[in-house]
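Subject: Handing over the structure

Hi,

Here is the structure I promised to pass on to you. Have a look at it first, and then read on for what I found in it.

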Amino acid sequence: MPGSTEIVARVNELIADLRPDNVDLLAALHRIQHEFGYVPREAVPLLAGKFRTTPALIFGTIDFYSEVRTNPPAEEVVEWCSGPACLLKGSMNVRRALEAVLGCEMNRATSDGKFELRLVQCDGTCHLAPLVRHKGRSLGPLTVSRAIEWARALRGEPALAAAEPPHEAEVVAAGEGEAAT
Amino acid sequence: MDRRGKARPDCIEIMATYKEIRQAAHKAWDAVARPRRTLIKVGVATCSRAVGADETLAALRRAVEERQLEADVMLTGCLGLCYAEPIVEVQRPGRPAVLYQHLTADKVPALVERAIAADGIATEHTLAVVDGEPLGGVPVLSSLPFWRGQVRRLMANCGVIDPEIIDHYIAHGGYEGLAKALQIGGEAVIKEVSESALWGRGGAAFPTGRKWEFLRGSQRKPKYIICNADEGDPGSFVNRNLLESDPHSTIEGMIIGGLATDADYGYIYIRDEYPLPVERMRKAVEQARERGLLGESILGSAFSFDLEVVRGAGSYVCGDETGLLASLEDRRGMPKIKPPFPAQAGVFAQPSNVNNVESYANVPLILREGAGWWSNVGSEKHKGTKMWSLSGQIQRVGILEVPLGASLSDLIVGAGGGPPEGRTLKAIQPGGPLSGIIPASDVDIRLEPDHFRERGMLMGSGGLVVLDDTNCIVDLCIYFEWFAEDESCGRCTTCFAGTRRMLEILRRISSGRGRTADLELIRLLGRLSSNANCFHGQGAPTSVMSMFRFFEEEVMEHLERKRCPAGRCPGLIRYEVLHQSELLPLAEAICPTGAVVRDNGTYRIDQAKCVKCDACREQAPYAIGVVDAFGP
């Protein structure tokens, strides 16, 4: 984890070419989050100076957007889609199971900082509903059992002989019938 | 030079410049369209990427290189057939092009062996023949139920061209609309757009031509053209498809909009959840600039216009036009109070125009083909096409484009195949959480704004989420109210506090603690919400109100008898071992909380530990059942 002085220096570098009233604050937040995985506290006064406003208004803006983080992500972040297609296909069951296996509530991390469950919005990959994402990969359509097995494997627990192996994105069988129609 | 758009002497020059660009583009496309070698197209978009299209593309490229096959591998966008992704198209010289479905990387060797290295068809993976005649049992694309009723205009290039190559777009008539617009001038452009009767596709259905007139009438400079690509309605993903499969149609529409309104600069605001569209749009803007289609004196004319892509950071209310403007101004994306309207004081208090992606994407077609051609599809009252995305309890998830006025049942039952086998349709949730709900009895409704307004609803921006008989209405009410509460910007009390109170009441009902007064309280909150400033606050209770209207019996069942008929509300159900079975050890093993316990060889559920995740019932479906928590 970089120290405060390093963070200040790096943030200043990252936002050097940006200016106020030029639709640049969102770009600044994206750059900083891309670099550190979150927007560190130290960045707030620097952004306020850069965009000629107050730290309170900068923090208010950061706080407003759900995809801007103010704390470092856990080692393993599991993103759970909250969308309606996932909901109708049983995502709440998947959520309850993941919370139980990973040992953390939604939008929280385990106390050792290893696992985190994060609520995300629908991105329209609804053919995989219900789905979770991990390291940019989508996993779906999930059954609760598969979600549990996958989460246990993520925790390094041995797989049960009886249950199915963890599943990478698998497609619904509905499309297969179409060639025959 | 006259920037206000009277006939200009540089018309001939503009057309000559455009033709030059077009000729070069044709050369690039011809290599694709009339291949002397086998052409393999891999659809890479958000939906196909999620099921491994990147790996398919890489595997195909590797196979072609390693085996030194006479073939080219090309990237393309998305056809809209999400349910069949990843899709690969193979066209051998002089043979009809064949589409293969579910073509994940592990199936690439078989495809290469049978359909690329050899002159055959990999029959077990075929989806359709692109056009012509059916081929050995493989149907033609246009005969597939998902494709049959479609009129693909906006989507004509989707899954056909490489979205990362501007020449492909130009070779398909791209930027011809812009060249024409530059010749006829801004006033005539607005006239043409007004004549087509195009209205905003983002949900409000305001006439685009009128909106543009407001901005044109404004004398202050600079003026801005803004594209709302913050497609936040969960379950809507039609804009995403356009942005990532045919990015230039939106850019061209915005440039034409800029010309028509005498604007100087544009912003495309894309939601954070769409990284691929952001990447492709940025690339497209870059390429348009290189070709002289963006920037100083476009196509050699006197008109200058440039634009940039802005990536949002996760906020639903930034999809409200004034929320979007606030977000562009480096502030919290809180919707502003209207008036002033954006045409008077938009971004940076300068005159601005905000339209949806689909609205802009229609404009090049109107200019290129004329308003008469454009409005030759649609209903009596509403012209043109509309894109829709199907998701939820439906057999074929995907994106399609049909004329306005098409019947909802044609989309849900015809194209989408209806709910999974053995289930019945319960309701359809159109266009986002603020729109309302359509019960199955109304499935024949025509997809036009009027029919939705009659029911106190909105047609919305293009999402159609399907519910079947296994879904619970109260469960869905809670979701929509949670969403409205979670995304409230916090300005109006009736919104941020009203949605919170409503959510509490709904959760109370779903946990068996509902009170008789709750129905009236919900109706009261519904009435109060009309006092909110923006549409988010006003529309927040719409879905709940319409679900309470159409499904009152089901709500009362929760409220009075404390039962969830669908067996979904966790507070109203409990899991029980109904009879002993050899599958119960599997249930015991899968349970994440150790709630399936064995006492002296008999299994039971420890209710204190059970989190009601349903995993045990998946493992032992007949031995474990859901019973009413408050039942006998």
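This is a predicted model: local features need pLDDT of at least 70, side-chain atom pairs count only at pLDDT 80 or more; totals for chains, interfaces and linings use all residues.

Phe348(B) sits in the loop that runs between α13 (321-328) and β9 (352-356) of chain B. Its backbone stands out: phi is positive, about 55°, although Phe348(B) is not a glycine. Most residues other than glycine have a negative phi.

Lys135(A) is not a glycine either, yet its phi is positive at about 50°. You will find Lys135(A) in the loop between β3 and β4 (137-139) of chain A. Lys135(A) is exposed, since 8 other C-beta atoms lie within 10 Å.

While you are looking at backbones, there are cis peptide bonds to see. Most peptide bonds are trans. In chain A, however, Ala129(A) and Pro130(A) are joined by a cis bond with omega of about -10°. Pro130(A) belongs to the loop between β2 (115-120) and β3 (132-134) of chain A. In chain B, a cis bond links Lys221(B) to Pro222(B), with omega of about -5°. Pro222(B) is in the loop between α9 (208-217) and β6 (224-229) of chain B.

Now for chain A as a whole. It has seven helices and four strands, and along the sequence they come in the order α-α-α-α-β-α-α-β-β-β-α. The chain has 181 residues, of which 45% count as buried. Among its contacts with a separation of 6 or more, 57% are between residues 24 or more positions apart.

How do the two chains meet? There are 50 residues of chain A in contact with 62 residues of chain B. On the side of chain A that touches chain B, at least two residues each come from α2 (25-36), α4 (55-64), α5 (84-88), α6 (91-102) and α7 (144-154) of chain A. The largest share of that side, five residues, is supplied by α6(A). By class, the side of chain A that touches chain B has 29 nonpolar, 15 polar and six charged residues.

In soluble globular proteins, nonpolar side chains tend to be buried together. The largest nonpolar core here holds 253 residues, and those touching the most other members are Ala97(A), Leu98(A), Ala147(A), Tyr100(B), Ile268(B), Tyr269(B) and Leu411(B). Helix α18 (residues 473-487) of chain B gives the largest share of this core, nine residues.

Which helix does α18(B) pack against? Its axis comes within 9 Å of the axis of helix α22 (residues 542-550) of chain B, and the two cross at roughly 165°. That angle is over 145°, so α18(B) is roughly antiparallel to α22(B). The crossing is left-handed. From α18(B), the contact uses Ile473(B), Leu476(B), Cys477(B), Phe480(B) and Glu481(B), and from α22(B) it uses Ser543(B), Val544(B) and Met547(B). Six of these residues are nonpolar, one is polar and one is charged.

Another pair to find is helix α8 (residues 186-196) and helix α11 (residues 247-261) of chain B, whose axes come within 7 Å and cross at roughly 120°. Here α8(B) passes α11(B) in a left-handed crossing. Gly186(B), Val189(B) and Ile190(B) of α8(B) meet Ile256(B), Leu259(B) and Ala260(B) of α11(B). This contact has five nonpolar residues, one polar and no charged.

Last, please look at Ser461(B), in the loop between α17 (449-454) and β14 (463-468) of chain B. Is Ser461(B) buried or exposed? It is buried, because 29 other C-beta atoms lie within 10 Å. Not counting residues up to four places away in sequence, Ser461(B) touches several residues, including Arg201(B), Glu231(B), Asp233(B), Asn356(B) and Gly431(B). Ser461(B) is also 223 residues from Val238(B) in sequence, while their C-alpha atoms are 8.4 Å apart in space.

Enjoy exploring it!

Best wishes

How values were computed
Residues are numbered from 1 along each chain as its sequence is written. Chains are lettered from A and ligands numbered from 1 in the order in which they are written. A nonpolar core is a set of buried Ala, Val, Leu, Ile, Met, Phe, Trp, Tyr and Cys residues joined through C-beta atoms within 7 Å. A residue is buried if 20 or more other C-beta atoms lie within 10 Å of its own, exposed if 12 or fewer, and partly exposed in between; C-beta atoms are placed from the backbone. Two residues are in contact if their C-beta atoms, placed from the backbone, lie within 7 Å. Ala, Val, Leu, Ile, Met, Phe, Trp, Tyr, Cys and Pro count as nonpolar, Asp, Glu, Lys and Arg as charged, and the others, Gly among them, as polar. Axes are lines fitted to C-alpha atoms, for helices over the stretch in contact, and angles run from 0 to 180 degrees between N-to-C directions. Angles under 35 degrees count as roughly parallel, over 145 as roughly antiparallel, 65 to 115 as roughly perpendicular and the rest as oblique. A crossing is left-handed if the near helix is turned anticlockwise from the far one by less than a right angle, and right-handed if clockwise.
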